[in-house]
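Hi everyone, thanks for coming.

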Amino acid sequence: MSVLVPRTLQDALQATAANPSAQLIQGGTDLMVEINFNHRKPTDVIALRRVDELKSVNIDIKNSQITIGAGLPYQQMEHGEIALHLPALAQAARTVGSPQIRSAGSIGGNLGTCSPAGDALPVLSALNATVNLQSADSSRAISIHDFMVGVKRNARMPGEIIVSTTLPIVSGWQGYSKVGVRNAMVISVASCCLVVDRINGTIAVALGAVGPTIIRCRETESWLAAQVDLKAKTTVSPNLLQEFGDRIATESKPIDDHRSTAAYRRHAVAVLARRMLTRANAQ
Amino acid sequence: MNSNSEIYSLTVNGKTHEVRDSWVGESLLYVLRERLDLPGTKGACEQGECGSCTVIMDGQAVCSCLVMAATAIDSEIRTVESLSVGDSLTEVQDAFVTEGGVQCGFCTPGLVVAIEHLLSQNPDPSEIEIKEAISGNICRCTGYGRIFEAVDKAVSVRKAKSS
C-alpha cells in the first residue's frame with residue numbers, strides 16, 4: 001500500500017492521472033471507518049487534506065453564486081459569509097456529527113461517498129448546485145442531479161477529483177432540518193431542505209435518507225406554486241399545509257433499515273416539510 | 001510527499017517520531033498507542049462517535065481514529081500526554097478529580113483534550129458552548145453533570161489566576 005500526500009491541486013491531479021484507481025481520501029470520516037473495521041483495504045491512497053486550493057471559497061455577489069472548495073471543513077460553513085448567503089447549508093453543516101467531525105468532514109467527502117444520508121446533499125439538490133470536477137487534462141461541471149446516480153454511487157470518473165461545488169445565492173427563506181436519535185453525532189434518519197425563491201415564485205424541497213439518492217419533490221413543488229403566490233409572503237391555510245406534507249411523504253421512497261422504519265421516515269419528512277414551510281412564511 | 005516506504009515521521013507533542021514496520025493504512029489512534037507508546041489517547045468506537053480518541057491536530061480537535069496516520073506527516077499533533085508538566089495537573093484535570101468528573105475514566109482523556117481546546121479559544125464559555133464543545137464526547141458513567149461542574153471550576157480557577 002502507498003499513501004501520497006500532494007500539496008497542490010496540480011500534484012494531486014498528476015497523482016490521480018498516474019494511478020486513476022487510487023482511493024481518494026479527504027477528511028477520512030467515512031473511509032477510515034471502513035478501513036478500521038476491515039470493510040475496505042485500499043492498495044493506494046491519495047490524501048487531499050493538504051491541498052489548500054480545495055479549501056478556497058469564492059463569493060461572487062455579481063453573479064449571485066458561491067463556489068466552495070470540496071475540502072473546506074463544515075466548521076467553516078457554520079457561521080460567517082457562507083452562512084449569511086446560504087443559511088440552509090450553514091444549518092446542515094451545524095448538524096454534521098460533532099466539532100471533531102466538522103473540523104474534518106467536507107462537501108467533497110459527502111459527494112465522494114454519495115450516501116443518501118449525507119447532510120449537505122439535500123441542500124445541494126434543493127439549490128440545483130453544480131459539481132466541479134477536474135482531471136489532469138480536462139475539467140467539467142455537472143449538475144448535482146446528474147452527479148448522484150445511486151446509493152453510494154456517483155458520476156466521478158477514475159482520475160477525476162471533485163474540486164468544488166457552485167451554489168446560487170437565492171432571495172427567500174431557506175432551511176434544513178433532520179431527524180435522528182439525538183442532537184449530536186447522528187446520521188440522519190430523515191432530512192429535508194426547503195428553499196423558497198421569492199423572485200421567481202418557486203419552491204424547492206429535497207429529501208435525504210428516504211431513497212437511494214436525494215429526492216427532489218418536483219410534483220409537490222409545482223403543485224404548491226400553483227396554489228399560492230410564492231413571490232409574496234402568504235399565509236398557507238392549515239388544509240393546504242396538511243396536503244403539502246402528505247404530498248411530500250408520497251414522493252419519498254424510504255426503506256426499513258437498522259436506523260428506522262419506512263413508515264416513520266415517511267411521517268418524518270412530512271412533518272419536517274410542513275414545519276419549514278410554516279417558518280418560510282412566518283418571515 | 002510519498003509515504004509508501006512504510007517509514008514516515010510524525011510530530012507528536014513537539015517531538016519527531018519515526019513510524020517503522022507499520023501498515024500505512026493504520027489510524028493515528030492505533031499508531032499513537034501501539035507504535036509510539038502514547039496510550040493516553042483511548043480507543044473505543046473507532047468510527048468517530050465516542051470522542052475518546054480526541055487529539056489536537058494543527059490546532060483543531062479531531063478524532064484520531066479517523067485520521068490515516070501516514071497522511072498526518074506534516075501536522076502538529078498534541079495528545080493528552082502533552083497537557084501537564086511532570087506530576088502537576090492542569091486546572092481542567094484537577095477540576096475533573098475534585099468535582100468527581102472521573103468515574104471509570106475511559107472517556108476522560110478525550111474530554112480533557114476537548115475542554116482544553118475549547119478553553120484555549122474561549123476562556124469563559126457559556127453553558128451551551130460547553131455542551132456543544134463536548135457533544136462529540138460520550139461518557140456512560142457520570143451523566144455529565146459533574147463534568148460540567150468540573151469545567152465551571154476550571155474556568156473560575158483560571159480566571160482567579162489571571163486576575
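Before going on, a word on what you are looking at. This is a predicted model, in which local features need pLDDT of at least 70 and side-chain atom pairs count only at pLDDT 80 or more, while totals for chains, interfaces and linings use all residues. Residues are numbered from 1 along each chain as its sequence is written, and chains are lettered from A and ligands numbered from 1 in the order in which they are written.

Contact here is a matter of C-beta atoms, placed from the backbone, lying within 7 Å.

Now to how the chains meet. On the chain A side 27 residues are in contact with 29 residues of chain B. Strand 1, helix 2 (31–36), strand 3 and helix 5 (99–102) of chain A each give two or more residues to that side, and helix 2 of chain A has the largest share, four residues. Helices (H or I, at least four residues) and strands (E, at least two) are DSSP runs, numbered from the N terminus. The chain A side divides into 16 nonpolar, eight polar and three charged residues. For that count, Ala, Val, Leu, Ile, Met, Phe, Trp, Tyr, Cys and Pro are nonpolar, Asp, Glu, Lys and Arg are charged, and the others, Gly among them, are polar.

Next, chain B. The C-alpha centres of its domain 1 and domain 2 lie 22 Å apart, and their contact takes 13 residues from domain 1 of chain B and eleven residues from domain 2 of chain B. Strand 3 (residues 54–57) of chain B gives the largest share of the domain 1 side, three residues.

Let's stop at V113(B), in helix 3 (residues 108–121) of chain B. Is V113(B) buried or exposed? V113(B) counts as buried because it has 29 C-beta neighbours inside 10 Å; the cut-off for buried is 20 or more other C-beta atoms within 10 Å, with 12 or fewer for exposed, partly exposed in between, and C-beta atoms placed from the backbone. Leaving aside neighbours within four places in sequence, V113(B) is in contact with T54(B), V55(B), I56(B), A61(B) and V80(B).

Finally, the strands of chain A. Three strands form an open, parallel sheet in the order 1-3-2, where pairing takes at least two bridges found by DSSP. Strand 1 (2–4) and strand 2 (23–25) of chain A stand at the edges with a single partner strand each, so one side of each is left without a neighbour in the sheet. Elsewhere, strand 4 (residues 57–60) and strand 5 (residues 65–69) of chain A pair in the antiparallel sense over four bridges, with N58(A) opposite T67(A).

How values were computed: Contact = placed C-beta atoms within 7 Å. Domains from an automatic or database assignment.
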